[in-house]
Amino acid sequence: MSRRALRRLRGGTARPGAPRAWRPADTDVAGTDLHRALWIHTSPPIVPFRCSADISDLINIEDLDEAPGVNGERTDCLLVDAVVSGNKRRAQSGHSESTRGGDAADTAVPSEQSNACSKLRKKKRKQKNKKNAGETSQNGLEDIDRILERIEDASGASRPGPPPLSAKKHVLYVEHRHLNPDTELKRYFGARAVLGEQRPRQRQRMYPKCTWLTTPKSTWPRYTKPGLSMRLLESRKGRSAFAFEHSEEYQQTQHKFLAAVESMEPNNIVVLLQSSPYHVDSLLQLSDACRFQDDQETARDLVERALYSMECAFHPLFSLTSGTCRLDYRRPENRSFYLALYKQMSFLEKRGCPRTALEYCKLILSLEPDEDPLCMLLLIDHLALRARSYEYLIRLFEEWEAHRNLSQLPNFAFSVPLAYFLLSQQADLSEQEVSSAREEACVRIQQALTMFPGVLMPLLEYCSVRPDATVATHHFFGPDAEISQPPALSQLVSLYLGRSHFLWKEPATMSWLEENVRKVLQAVDAGDPAVEACESRRKVLYQRAPRNIHRHVVLSEIKEAVAALPPDVTTQSVLGFDPLPPLDTIYSYVRPERLSPVSHGNTIALFFRSLLPNYTVEGERPEDGGPGGLHRDQGLNRLMLAVRDMMANFHFHDLEVLPEEHPEGDGEWD
């Protein structure tokens, strides 16, 4: 719109010195980029001049959160309303304004424009409220997924699940906006319900950096650099290797943290956090302690603070979204970032944000996809199904099957056909696409049942479904199928069923599964050679699970999978801040030797050490020169001195006072 048209709408000419609201030139919205188009649509359409000293006042925050396209409104309709309201105002004030002088007109323009802006905003807000209230009352008893689909169809917005990735983007590409759980919650509850009163407070920044993983809270301690940094190790073939670094001050704090963990007293970690409020390992360990006490809110807050501390230490070239930045899990300084992301992902899944949790899962997998230290491939299919990202799961399977053999994992073997089946249930597909997806689902589920027959009966038991006599008594799916499978395979099956069994409870899914189970039994009875080939493959491939799978089971805390861990894992101590560290760990600094290490000594020595932390046995002091530094009689003398000190500290004052406090109860002590 030209300036002349704007002056006609206002009813006069503008003062040369009046401040202007920013508005782009007269261009076509379709030809500009998305950011500029948002500015054009959200700017007040009839206010060419506005008295305001802050540019933030010129932006309608509610319009940015709730775009005009979402509610089906258009800017040209608002412009018509603006013209009508402007004509009414000019008709009401007609003769008086025409007879006033130039100075009087100049002073009346700003107040008239501000009143027009406020009336237009109130009118627009009232129309939105009426429309939303009508839709809510009409669809109040329907399922929330159907309501969301209707809103999306009417507005043209995207589905809650991510759209199919284009061929140009990497399969582990991470989007910044999906790392924020508020983005997902806004789709269900609206921006006003999610953000609440947070908008005015965001202008007062107490923290030095804008982050993507977390949003700093006003209740957190004031941020000071804890001595954590990141450096670039190497960059080749389009990939960059980074590593976190600890300063000398941070190393001293880390040593104090290890001593606090060995004391097995959470209050010692609380005291350490009072002096170092952004020490990452202390925050993660205290978060576990709060979670075990069912204080989920505090546990999540501590994990977010740990993520904020590590994100503030990022290297300028480190990118969360590119999928080309690597962090070696063998370095202890990098493990805290892995564990913090995993714990945050678990909280997001429990909070009901599977789409955001899927993005965190992709981020963890992109940090070291070849080694996969936390074995995120055992989880990413579950999150993709929960987030209704069927296309993404299918694409990941197709691209990685050739070099990762994903079909040999029970979770992918059953999740991929389930994704095909659920994709065929969508109404927006053509008949050809539905039949193709359904056929692919049937083929893949029959292959999965043939390769892993021990999954069927536990799955039906989880879903409270009783199989018929033909299936229950058949030797292929009977009890022998579950007993005869290798221990490593039993562990993978227990992990998958304990996590994803509820995805199979739908009646349509069960009917489809029953149909394919009967086809598999027919193939088994007919002597299909594929059955024998799968049996021999099971005996060869699943001899022993690698260490990263054991680490994933420990972190998952699924009872069925933890019970299936081998004895060599369950008998060793597992630390929450570093579960099952790699055997080829790369240490950048070594913890100094303590005077009384816990890992040495016999049972009697450990008993006295628990009573007297200063007690040491022979060979433990560094100045003794090695294990043979003291004679046995010297060790015995030290033990006797320790016992003597312990007996000297005993006091019996309480027993002497007790009869005086209860003189009438002397008979009870007989």
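Helix axes here are lines fitted to C-alpha atoms over the stretch in contact, and angles between them run from 0 to 180 degrees between N-to-C directions. I wrote that down before anything else, as I wanted to look at a pair of helices. I also noted that this is a predicted model.

**Entry 1: a helix pair**
I picked helix 18 (410-424) and helix 23 (residues 487-500). They pack at an angle of about 40°, and their axes lie 9 Å apart. Angles under 35 degrees count as roughly parallel and those of 65 to 115 as roughly perpendicular, so helix 18 and helix 23 are oblique to each other. On the helix 18 side, I found Pro410, Asn411, Phe414 and Ser415 making the contact. Helix 23 brings Leu489, Leu492, Val493 and Tyr496 to it.

**Entry 2: the whole chain**
Next I stepped back. I found 31 helices and three strands in the chain. Of its 670 residues, 43% are buried. I also looked at contacts with a separation of 6 or more: residues 24 or more positions apart account for 70% of them.

**Entry 3: the cores**
Which residues have the most contacts inside the largest nonpolar core? I got Phe337, Phe412, Phe414 and Trp504, in a core of 127 residues. Phe414 was already in my notes, from the contact between helix 18 and helix 23. Apart from this core lies another, of five residues, with Trp220, Tyr223, Tyr278 and Cys312 among them.

I then followed Trp504. Leaving out residues up to four places away in sequence, Trp504 touches Phe414, Leu418, Ile445, Leu459, Cys463, Tyr496, Thr509, Met510, Trp512 and Leu513.

I listed its buried residues: Thr509, Met510, Trp512, Leu513, Asn516, Val517, Val520, Leu521 and Val524. What covers them includes helix 18, helix 19 (431-451), helix 20 (456-462), helix 21 (469-472) and helix 25 (529-541). After helix 24 comes glycine 527, with a positive phi near 75°.

Helix 19 was my next stop. Helix 19 has 21 residues and spans 30 Å between its first and last C-alpha, close to the 30 Å expected. Its buried residues include Ala437, Ala441, Cys442 and Ile445. Helix 18, helix 20, helix 24 and helix 25 are among what covers the buried residues of helix 19.

Is threonine 356 buried or exposed? Threonine 356 counts as buried because its relative accessibility is 1%. I located threonine 356 in helix 15 (residues 354-367). Not counting residues up to four places away in sequence, threonine 356 touches His178, Leu179, Asn180, Pro181, Glu184 and Leu348.

Serine 235 sits in strand 1 (residues 228-236) and counts as exposed at 52% relative accessibility. I noted a polar contact of 3.2 Å between the side chains of serine 235 and serine 240. Lysine 237 lies in the loop between strand 1 and strand 2 (239-246). Lysine 237 is exposed too, with a relative accessible area of 83%.

Serine 235 is 89 residues from threonine 324 in sequence and 9.9 Å from it in space, C-alpha to C-alpha. For lysine 237 and threonine 324, 87 residues apart along the chain, the C-alpha separation is 9.7 Å.

Terms used. Residues numbered from 1 in each chain as written. Predicted model: local features only at pLDDT ≥ 70, side-chain atom pairs only at ≥ 80, totals over all residues. Heavy atoms only, no water. Buried < 20%, exposed > 50% of the residue type's maximum accessible area, 1.4 Å probe, protein only. Helix = DSSP H or I, 4+ residues; strand = E, 2+ residues; numbered from the N terminus. Contact = heavy atoms within 4.5 Å. Core = buried A, V, L, I, M, F, W, Y, C linked by side-chain atoms within 4.5 Å. Polar contact = N/O pair within 3.5 Å; in protein donor to acceptor, adjacent residues only side chain to side chain. Parallel < 35°, antiparallel > 145°, perpendicular 65-115°, else oblique. Expected span 1.5 Å × (residues − 1).
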